[in-house]
Every structure is written in C-alpha cells, then in structure tokens.
Amino acid sequence: MTRFPLPSKDTPVTAQIIDGKAIAARIRQELAAQVETYVASGGSRPHLAAVLVGDDPASAVYVRNKERACQQAGMLSTLHRLPASTTQEELLTLVQQLNSDASVHGILVQLPLPKHIHETSILDAVTPLKDVDCFHPENVGLMVQGRPRFLPCTPHGCQELLAACGAKVDGAHAVVLGRSEIVGKPMAALLVQKGDVANATVTIAHSRTRNLAEITRQADILIAAIGKPNFVTADMIKPGAVVIDVGINRLNDQLVGDVDYPAAIDIASAITPVPGGVGPMTIAMLLKNTLRAARLQDNVD
Ligand code: NDP
C-alpha cells in the first residue's frame, strides 16, 4: 500500500491510498497458482470466451486486457469479434454455441452492445453456469439471497479493496452512489449481507435522491459509481471515511474518477485512485469467477 508523505502539523491528515493495482496483482498471482494446482489434479484448464461486437475502442482495450490477464493466470481465452452490423439473432446463435461448447467455461459479452441489440436478452441467454460477470437473473438472485454461485466482479473487487485497507464494514454506514445493475445495486446487495466485509447499514443514492450531500456526509464508507467526473467534492465526504471510486471518466484526455481525488485525500482516511484502484480489481475478480466456472462445470464445486 503506498502512502503520501506524512503531513506536517498544520496540514490535514492525508488518506491511505488503496493500491488496487498491487492488490489485484497479488490476487492474480494467487489465482495462477490455484489454476496450476487445479489442472495438475486433473481439472480442466479454465477457458474464458469473450464476445466483442462492433469497434468501440474502449471496449476493445478492456477485452484485450481481460484476455491478457487470463493468459497470464494460465487460463485459456478466445475472442469472438463480430462486426457492428451483427444482428441480435446472430449474436444469440453465437451465445448458444458457446453455451453448449464443453471446452468453454466462462462467457463474457463486452458491453455496451450496439443500439439495435437488446442487451438484456443477450445477457439472459448466457447459461448461468458460464455467467462469469454475474449478470444473469438466476445468479443475481442467488447472490442477493446470500448463497452466491458467482460474485459480481466490480462490486466484489470493491469489497476486496475494503478488506485490504482494513476498513471496518461491520455495522458501518455505507452509502452507494449509483443504482446500476452492474455496480450500484449489486454493491449494495453485497455490503448488506451477513458475512465478512459486509453487515453494513446501506443507503443507495441516485439521480433522484434529495439532499445528496447530506446523505453522503453520513457515510463511513462511500462508494461512488455514477460516471460523472469529480462529482463527489470534499464537502460531501465525512472526515475519516473510506472512499471507493468506481468511476472511470475521460476529462481533457485524462482518466478521472467520480471523486475529486486531490481534495478528497485530505479528508478521507483511505481512498482508491483512478486509474489504479477499482479497475484492476474487476479483472482479477473475473479471473476468479472463471476458475470457479471451470470447477462448477467439472462438478468439483
Ligand atoms: P450507469 O450510468 O449505469 O449508472 C450511473 C448511476 O449513477 C445511475 O444509477 C444514476 O442514477 C446515478 N447518477 C447519475 N448522475 C447522478 C447524480 N448527479 N447524482 C446522483 N446519482 C447520479 O453507470 P455504471 O454504474 O455502469 O458506471 C458508473 C461508473 O463506473 C462509470 O464511470 C463507469 O465507467 C464506471 N465503471 C467502472 C468499472 C471498473 O471496473 N472500475 C466497471 C463498471 C463501471 P439514475 O439511476 O437515477 O439514473
């Protein structure tokens, strides 16, 4: 964990910087060892099939990073690249093929999909046992009920960061800014569970929330996932809060989070940087789910 230089007497305490890149690297190393042990004991080598439709440059970079991470962890990865003109039926056919291909353990459909394709129909078509993103309603339901098959990658990555920085989550007030299916809702669902790095009192805030700053200022743990650059200002943060910034926004050719980081480090007790915070953890959790998917399909778990 990196730290800023110790503050002088008259400057405020500077937050612990939660180094997601280093934490994710450690987890990926552990996973690589687990993969080799699993394969040596006769298990299948985990295989992730990624589907990329169209030529969105950011999506292409994300998929390439995921593929590379798979390979570095000793897993197999296959990329299915389809043109932006692909029809919904063609994409559904590919998903069905991957569902029934016994050599594929995890299926990842990179979002967003082109506008003419109904995203939910595609995600629902992925067989739950290969749904390593944990988007399928069956897996979301199991997760909400506290008996997860897979854990959602970005929210679980945030949980791992909270654990790594020693945040006391049990009994804390966690405020989740954002209610998307990918981040906000599953994040809140994980934090409210009975269990480790959970047992929080959770508030979910969104664009219709009144008196937002009043609510965020009550947060012992603040998770920002709204997609608005530097939206969370220092006056919205309780002194000593742990701040997890999920946002990835491009501002003047730079990547910035949803939190005004330079201001927030003087008020939070710990904070994730952007880049290098939550992003690398999402990929590490995807790898974790892919190993689990292989075990599930080998009938080991
Ligand atoms: P969505 O756009 O799907 O959701 C944004 C949420 O923020 C919505 O619930 C919206 O409310 C809420 N919101 C928007 N504006 C405001 C506002 N002014 N005040 C309060 N709430 C607001 O985004 P995602 O959840 O998919 O992603 C959020 C951010 O996280 C993005 O920057 C994205 O790039 C990043 N991200 C990062 C990942 C990583 O690996 N680090 C992974 C996934 C996402 P409402 O529902 O009312 O519209």
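In which sense do β8 and β11 pair, and over how many bridges? In this predicted model, β8 and β11 pair in the parallel sense, and 2 bridges connect them. Within this pairing, Val243 stands opposite Ile271 of β11. Strand β8, which covers residues 242–245, is also joined to strand β7 (residues 221–224). The β7 and β8 strands run parallel, with 4 bridges between them. Ala224 has Asp245 of β8 as its bridge partner.

The domain assignment of the protein chain gives two domains, with domain 1 spanning 44–127 and domain 2 spanning 152–279. A distance of 28 Å separates the C-alpha centres of domain 1 and domain 2. Both domains contribute to the lining of the second largest pocket, which draws at least three residues from each. The space in this pocket amounts to about 320 Å³. Helices α4, α5 (137–144) and α7 (184–191) are the elements that give two or more residues to its lining. In total, 17 residues line the second largest pocket, and those that lie nearest its centre are Leu123, Phe135, Val140, Glu181 and Ile182. By class, the lining of the second largest pocket comprises 12 nonpolar residues, 4 charged residues and 1 polar residue.

The structure also holds 1 cavity of 30 Å³ or more. The volume of the largest cavity is about 50 Å³. Its lining consists of Ile107, Leu108, Val109, Leu123, Val126, Asp131, Asp133 and Phe135. Strand β4 supplies 3 residues, the largest share of the lining of the largest cavity. No polar residue is found in the lining of the largest cavity, which divides into 6 nonpolar and 2 charged residues. Leu123 and Phe135 are among the residues that line the largest cavity, and they are also among the residues that lie nearest the centre of the second largest pocket.

Asn99 is located in helix α3, which covers residues 88–100. Asn99 counts as buried because its relative accessibility is 16%, under the 20% limit for that class. Apart from neighbours within four places in sequence, the residues in contact with Asn99 are Ile107, Ala125, Val126, Thr127 and Lys130. Of these contacts, Ile107 and Val126 also belong to the lining of the largest cavity.

Ala189 is part of helix α7, one of the elements that give two or more residues to the lining of the second largest pocket. Ala189 counts as buried because its relative accessibility is 13%. When residues up to four places away in sequence are not counted, Ala189 touches Met143 and Val144. The C-alpha atom of Ala189 is separated by 19 Å from that of Pro128, and the two residues are 61 residues apart along the chain.

A cis peptide bond, with omega about 0°, joins Leu111 and Pro112. The loop that contains Pro112 runs between β4 (106–109) and α4 (119–125). Another cis peptide bond, also with omega about 0°, joins Val274 and Pro275. Pro275 lies in the loop between β11 (270–271) and α10 (278–297).

Positive phi values occur at two asparagines. Asn211 is not a glycine, yet its phi is positive at about 50°. The loop between β6 (201–205) and α8 (212–216) holds Asn211. Asn211 is classed as exposed because its relative accessible area is 52%, over the 50% limit for that class. For Asn299, likewise a residue other than glycine, phi is positive and near 60°. Asn299 is placed in the segment after α10. The relative accessible area of Asn299 is 66%, so Asn299 is also exposed.

Technical notes. Residues numbered from 1 in each chain as written. Predicted model: local features only at pLDDT ≥ 70, side-chain atom pairs only at ≥ 80, totals over all residues. Heavy atoms only, no water. Domains from an automatic or database assignment. Buried < 20%, exposed > 50% of the residue type's maximum accessible area, 1.4 Å probe, protein only. Pairing = 2+ DSSP bridges. Contact = heavy atoms within 4.5 Å. 1 Å grid on protein atoms, 1.4 Å probe; cavity = no way out; pocket = protein on both sides within 12 Å on 5 of 7 lines; lining within 4 Å. Points joined across faces, edges and corners; volume = space filled by probe spheres on them. Nonpolar A, V, L, I, M, F, W, Y, C, P; charged D, E, K, R; others polar.
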